[in-house]
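Hello,

Here is the structure I promised to hand over. Please open it first, then read the notes below it.

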Amino acid sequence: MSDMITADLVDLDLSADTKQAAARALAERMVALGRVTDLEGFLADVAAREAQMPTGLDGGIGIPHCRSEHVTEPTLAFGRSTAGVDFGAADGPADLIFLIAAPAGADDAHLTILSALARQLMNAGFTAALRSVGDAAGAAALIRGEEPAPAEDSTEGTTEETTEESADTGAVSAAASAETAPGSTVEDGGGPERPFRIVAVTSCPTGIAHTYMAAESLENAGRAAGVDLVVETQGSAGFTRLDPAVIAAADGVILAHDVAVREKGRFAGKPTVDTGVKAAINRPGELIGEVRDKAARGEVTSASPGATPVERGGESGEGYGTKLRKWLMSGVSYMVPFVAAGGLLIALGFAIGGYEINKAPSVMDHFVWTQADSWAALLFQIGGVAFAFLVPVLAGYIAYGMADRPGLVPGFVGGSIALTINAGFLGGLAAGLISGAVVLAIQRVPIPKSLRGIMPVVVIPLISAAVVGFLMFVVIGKPIASAQSGMTDWLNGLSGANAVLLGALLGLMMCFDLGGPVNKVAYTFATAGIAVASPSDSAMKIMAAVMAAGMVPPLAMALATTVRGRLFNAAERENGKAAWVLGASFISEGAIPFAAADPLRVIPSSMVGGAVTGALSMAFGATLRAPHGGIFVVPLIGNPLLYLVAVAAGVCVSTALVIVLKGLRKTAPGTAAQGPGGGADPSSPTPGAKQAVAA
């Protein structure tokens with residue numbers, strides 16, 4: 001740690017009043033020492049990390065941090081603010097601010113040191129010493145560990161020895177260090193009572209700070225509660241797997257993560273609390289109480305041979321709307337590959353054999369190796385089989401997002417019934433949500449230990465499939481099928497101004513969040529219309545408008561960085577080169593780096609261009625049977641030249657708007673920041689640089 005922070009990297013009178021200004025002030029110290037090579041590029045990386053999740057913590061701590069190619073060596077800067085800076089913590093502004101800069105290829109040794117610092121931040125004695133230290137050199141020495149910090153209160157603190165051990169192994173056993181708390185013991189095979197045992201995993205997107213702070217917080221709470229609590233930290237420095245024997249002996253599991261837990265299947269069959277990493281930092285005692293309550297009720301996760309592909313259906317404390325969005329996006333994310341594969345195969349079949357290929361006999365009965373029509377029929381029929389999975393997969397994985405593996409059986413059954421009764425995608429959505437709700441309700445019923453082993457394999461699939469099947473066939477199936485038919489008839493009747501307005505609306509949605517939930521709603525709406533053997537002309541027009549609008553944002557940002565490069569920083573200009581290919585391939589996410597850095601200018605510009613393109617595509621009557629492909633499926637588009645005109649028009653509109661909006665940021669004459677001599681302050685950021693931290 002000796003070379004990671006020096007007195008020059010400490011500001012005990014930080015005057016910044018926003019988190020962007022605080023990050024800039026501390027980063028400028030890193031630049032002055034040669035630790036950061038590109039200030040704006042580094043701040044853009046910090047802002048991107050902050051956009052993933054606020055880095056403020058309860059107790060007046062802010063820890064903005066990131067990995068960046070602009071960092072030459074692991075560096076830590078510290079600022080102490082009198083007024084406080086809002087980093088998004090629930091209890092208010094932060095007065096202790098740590099800016100952590102790690103190179104893109106930081107080695108494990110440095111990351112381990114940073115993780116040890118993160119754990120120290122959970123030590124009340126350490127933070128109190130930082131608030132009282134009087135000089136920069138003393139603060140740097142304290143952070144480096146050269147001056148020991150006062151220990152915390154014994155009931156909830158941590159010793160230096162424990163911190164070192166935890167940083168190296170990611171685990172601590174509290175059995176010998178805390179008096180057993182009332183109600184914290186369990187009977188062990190009829191013998192004497194033993195402490196309740198918990199295993200936990202912590203992980204955050206960057207794996208530098210929150211991962212280890214959550215581990216320390218859980219360990220402290222475990223000692224206070226008198227339970228054995230062992231933590232596996234899955235951070236950037238790698239992770240040491242928990243001993244399988246420790247997992248097997250555990251009475252409960254806490255998974256505190258914002259990225260997928262590696263090898264999650266190891267914890268199947270245990271009472272589990274699945275939440276975000278910040279919950280473990282801010283309310284570890286509640287999580288311990290939750291897992292003990294689940295164990296008392298006999299609630300366990302399903303047995304699984306490996307890590308579930310669904311990261312998490314919902315976190316503790318999230319609103320129902322947020323959880324619902326995650327569940328729906330879970331189903332959509334698994335459905336999209338079927339859409340792409342099946343749709344492109346069908347489109348290729350049409351391209352080779354013409355639109356009459358849908359009437360070809362089965363290739364099992366008639367296939368001639370030398371005939372193009374036979375190959376076209378083969379592609380079309382394979383694509384049709386893939387498309388037949390869309391609704392069951394959508395329903396099955398919505399239920400999976402809600403209830404994990406037990407939701408798959410009723411979800412797939414309900415989705416298949418939706419197809420059988422012609423309830424379509426609306427039926428699939430309903431079937432998925434109902435299936436997940438039914439499984440969750442069954443799992444809440446207390447059952448004897450002797451029956452728990454067969455619950456996820458026999459009882460839950462049997463009861464849930466029967467209940468969902470009854471509801472879909474007898475109760476809600478017919479009304480949903482009627483609604484689906486009405487929506488289809490409405491789409492088929494669209495023409496003229498109504499079609500143009502729909503195209504504009506879909507264009508706005510495609511460009512609003514660039515691959516997010518609103519974008520996916522518009523895309524799913526379009527693919528639902530063409531997921532039939534003979535889609536209507538209106539459905540193919542909608543698909544064309546949606547794909548055209550989705551290409552606009554990355555292409556517009558690529559063009560803007562080409563014609564007005566000075567308005568963008570070096571990192572954005574590099575991203576602009578890749579955005580050409582991403583936009584041409586219909587990957588809207590190519591514009592995300594620009595939107596994250598400057599959302600108030602980039603997103604509205606993209607939405608206006610997308611609306612123009614969607615409206616023009618509908619007005620031109622362009623059609624598309626393929627659900628993906630960008631410019632690479634232009635030969636399959638009806639009215640391809642006018643379609644390209646619509647795309648080009650939207651790109652030009654978005655490009656012009658974003659250039660104008662970014663240009664308006666320029667400081668007006670006579671209002672430039674004044675330096676000591678009355679002139680412009682050379683340290684003031686240039687107009688083209690601020691978008692890096694606008695988010």
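**Strands β9 and β10**

Strand β9 (residues 197-203) and strand β10 run parallel, joined by six bridges. Two strands pair if DSSP finds at least two bridges between them. Arg-197 has Asp-228 of β10 as its bridge partner.

Before going on, a word on the basis. This is a predicted model, where local features need pLDDT of at least 70 and side-chain atom pairs count only at pLDDT 80 or more, while totals for chains, interfaces and linings use all residues. Residues are numbered from 1 along each chain as its sequence is written, and side-chain values use heavy atoms, with hydrogens and water left out.

Strand β10 covers residues 228-233, and six of its six residues are buried. Buried means under 20% relative accessible area, exposed means over 50%, and partly exposed lies in between (1.4 Å probe, protein chains only). Asp-228, Val-230 and Glu-232 point one way from β10. Leu-229, Val-231 and Thr-233 point the other way.

**The chain overall**

The protein chain has 24 helices and 14 strands. These are DSSP runs, numbered from the N terminus: helices are H or I with at least four residues, strands are E with at least two. Of its 695 residues, 51% count as buried. Take the contacts (heavy atoms within 4.5 Å) with a separation of 6 or more: residues 24 or more positions apart account for 73% of them. The accessible surface comes to about 28400 Å², and 62% of that belongs to carbon and sulfur atoms. Areas come from the Shrake-Rupley method with a 1.4 Å probe; for residues, only the protein chains shown count as cover.

**Aromatic pairs**

The structure holds eight aromatic pairs. Rings of Phe, Tyr and Trp (its six-membered ring) pair if their centres lie within 6.5 Å; planes under 30 degrees apart count as stacked, over 60 as edge-to-face, and the rest as tilted.

One of the pairs is Phe-78 with Phe-98, which is tilted: 4.9 Å centre to centre, with 35° between the planes. Phe-78 sits in strand β5 (residues 75-85) and Phe-98 in strand β6 (residues 94-103), 20 residues apart. Both are buried.

Tyr-397 and Phe-412 have ring centres 6.1 Å apart and planes at 75°, so this pair is edge-to-face. Tyr-397 belongs to helix α13 (residues 390-403) and Phe-412 to helix α14 (residues 408-420), 15 residues apart. Tyr-397 is buried at 17% relative accessibility, whereas Phe-412 is partly exposed at 29%.

Phe-367, Trp-369 and Trp-375 form one aromatic cluster.

Best wishes
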